[in-house]
Amino acid sequence: MMYNFTHFSIALLWLLPAFASGQTETMDLSLEQSLTLLQSENKSLRIAGKEVELAKNEQQKLNAFWYPTISAAGAYVHMSNPVEVRQSLNQFTDPAKEYVHSILPNDQFISSLLDKIGQNTLTLPLISQNVTTIDANLTWPLFTGGKRIYAGKIGKTLVSVAEVNREQVSANQQALLIESYFGLRLGQRVVEVKTETYNSLKTHYDQALKLEQQGMINRAERLVAQVSMEEAKRELESARKDLEVASQALKSLINVGEEQEIRTTTSLFINESIPSAGYFKEMIPFNNYLVNQLKLQESIAHNQLKIGRTGYLPNIALIGKQTLYADGLDKYLMPRTMIGVGFTWNIFDGLDREKKIRQARLTSQSLAIGKEK
C-alpha cells in the first residue's frame with residue numbers, strides 16, 4: 001500500500017509542472033502575425049463580412065424581378081344554388097300556335113296542347129353547386145418603366161457600400177491592433193524598468209535599515225528611503241495593471257484565450273519622416289471611407305429618385321393560366337388554357353409618388369452636404 005502511494009506521489013509531482021504550464025502558455029507574437037490573426041479571428045471583421053454577404057443576397061433578390069413568377073392556386077367553392085339558364089317555352093309555342101291557326105283556323109286541340117307546353121320553363125345547368133379548381137398562374141413583367149434597371153443598380157451599389165464598410169472596419173481594427181500591440185510592448189518595457197527601479201530602491205531601503213540599526217543614519221533618513229521604495233512599488237503595481245489592460249485589449253482583437261500570455265517580439269520604432277498635411281488632404285476625396293460611402297449612398301438616392309418617377313408609367317406583363325384540375329366547371333364555359341398581355345396604370349395614389357420623389361431629393365441633398373463636410 002505504501003509502495004503504490006509513493007509512486008502516485010511521484011507521478012503527481014511530475015504532472016504538476018505540466019499542468020501549470022498548460023494553464024499559462026506564452027505566445028511569441030510579431031506584429032505581422034498579429035495582423036494575420038486579426039484578419040482571420042477578429043469578430044468585428046466577421047460581422048462586416050456577413051454584412052457583405054447580406055448585401056449580395058439583397059442584390060440577388062432585386063435581380064429576381066427580371067424573372068417570371070409561377071404560382072399554383074386551388075379552391076373549393078360551395079354555392080347556395082347552381083348556376084343555370086332558364087328560358088320560358090312560350091316564345092317557341094306562340095309562333096307555333098299562329099302557324100297552326102293559319103292552317104287550321106278552328107283547331108282547338110293542338111292550340112291547347114301548345115298552351116300547356118308553353119307554361120313550362122326550360123332549365124339548362126351551367127355550373128354545379130360544388131366547384132373545385134387547381135390552376136397554375138404565370139406573370140412575367142415586360143415593361144416596368146425602368147424600375148428593374150434602377151433596382152439592379154441599387155443592389156450593386158449596396159454591395160459596394162458593404163465592401164467599403166468592411167474596409168473601414170478593417171482599417172479601424174488594424175489601428176486598434178497597432179495601438180494595443182505597441183501599447184503592450186511599451187507596457188512590458190515600463191514594467192521592466194519599474195521592477196528594476198523598485199528592486200534598486202528596496203536594496204537601498206534594506207541598506208538604510210541596517211545603517212539605522214548601527215546608528216550611522218537617523219530615522220528620518222531611513223523613512224525617506226522607505227517612502228521612495230513604497231512609491232516605486234505603487235508605480236510598479238499601476239504599470240502592471242496598465243499592462244494587463246493592454247494585454248486584454250490585444251487578446252480581444254485577435255481572439256486569443258485568457259490563459260495565454262502574449263510576448264511581443266516586434267521592437268518599438270520612431271518615424272523619422274512624416275508626409276506633409278497636404279499629402280493626406282489630397283487623398284481624402286478618393287481614399288476616405290466615409291466620403292466613398294457618401295458617394296455610393298448618393299448614387300442610391302439618385303436611383304431611388306428615378307424609381308419614384310417611373311411610378312407615372314404603366315406596368316405591362318405577360319399573363320397566363322393553366323387549369324390543372326377542375327370539377328363542376330365544364331370546358332366550354334371556362335377554357336383550361338389562357339395566355340395574354342395586360343397592363344396596370346396607377347392614375348392617382350394619394351400623392352404617394354410625389355412624396356417619394358421629394359424624399360429621394362431631400363436624401364440626395366443631405367448626402368451632398370455631408371460629402372462636402
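View 1. Everything shown here comes from a predicted model. Gln188 has its place in helix α6. Which residues does Gln188 touch, leaving aside those up to four places away in sequence? They are Leu243, Ile262, Arg263 and Thr264.

**View 2. Here is the largest nonpolar core, with 24 residues.** Look for Leu177, Leu184, Leu250, Ile254 and Ile262, the residues with the most contacts inside this core. Four helices each supply at least two of the core's residues: α2 (31-41), α3 (43-63), α6 (147-213) and α7 (219-254). Which helix gives the most to this core? That is α7, with nine residues.

**View 3. Now zoom in on Ile254 and the residues it touches.** Not counting residues up to four places away in sequence, Ile254 touches Leu29, Ser34, Leu37, Leu38, Glu41, Leu177 and Ile262. You have met two of these names already: Leu177 and Ile262 are, like Ile254, among the residues with the most contacts inside the largest nonpolar core.

**View 4. Helix α6 packs with helix α9 (residues 289-309).** Their axes are 9 Å apart, and the packing angle is about 165°. Are the two helices roughly parallel or roughly antiparallel? An angle over 145 degrees counts as roughly antiparallel, so α6 is roughly antiparallel to α9. The crossing of these two helices is left-handed. The residues that make up the contact of α6 with α9 include 11 nonpolar, nine polar and four charged ones.

**View 5. Helix α8 (residues 277-287) also packs with α9.** Here the angle is about 35°, and the axes lie 7 Å apart. On the α8 side, you can find Ile284, Pro285, Phe286 and Asn287 in the contact. On the α9 side, the contact is made by Tyr289, Val291, Asn292 and Lys295. Sorted by type, the residues of the contact of α8 with α9 are five nonpolar, two polar and one charged.

**View 6. Lys306 is a partly exposed residue in the model.** Let's finish in helix α9, where Lys306 has its place. The relative accessibility of Lys306 is 26%; partly exposed lies between the 20% limit for buried and the 50% limit for exposed, so Lys306 counts as partly exposed. How far apart are the C-alpha atoms of Lys306 and Trp345? They are separated by 17 Å, while the two residues are 39 residues apart along the chain.

Terms used:
Residues numbered from 1 in each chain as written. Predicted model: local features only at pLDDT ≥ 70, side-chain atom pairs only at ≥ 80, totals over all residues. Heavy atoms only, no water. Core = buried A, V, L, I, M, F, W, Y, C linked by side-chain atoms within 4.5 Å. Buried < 20%, exposed > 50% of the residue type's maximum accessible area, 1.4 Å probe, protein only. Contact = heavy atoms within 4.5 Å. Axes fitted to C-alpha atoms, helices over the stretch in contact; angles between N-to-C directions. Parallel < 35°, antiparallel > 145°, perpendicular 65-115°, else oblique. Left-handed = near helix turned anticlockwise from the far one by under 90°. Nonpolar A, V, L, I, M, F, W, Y, C, P; charged D, E, K, R; others polar.
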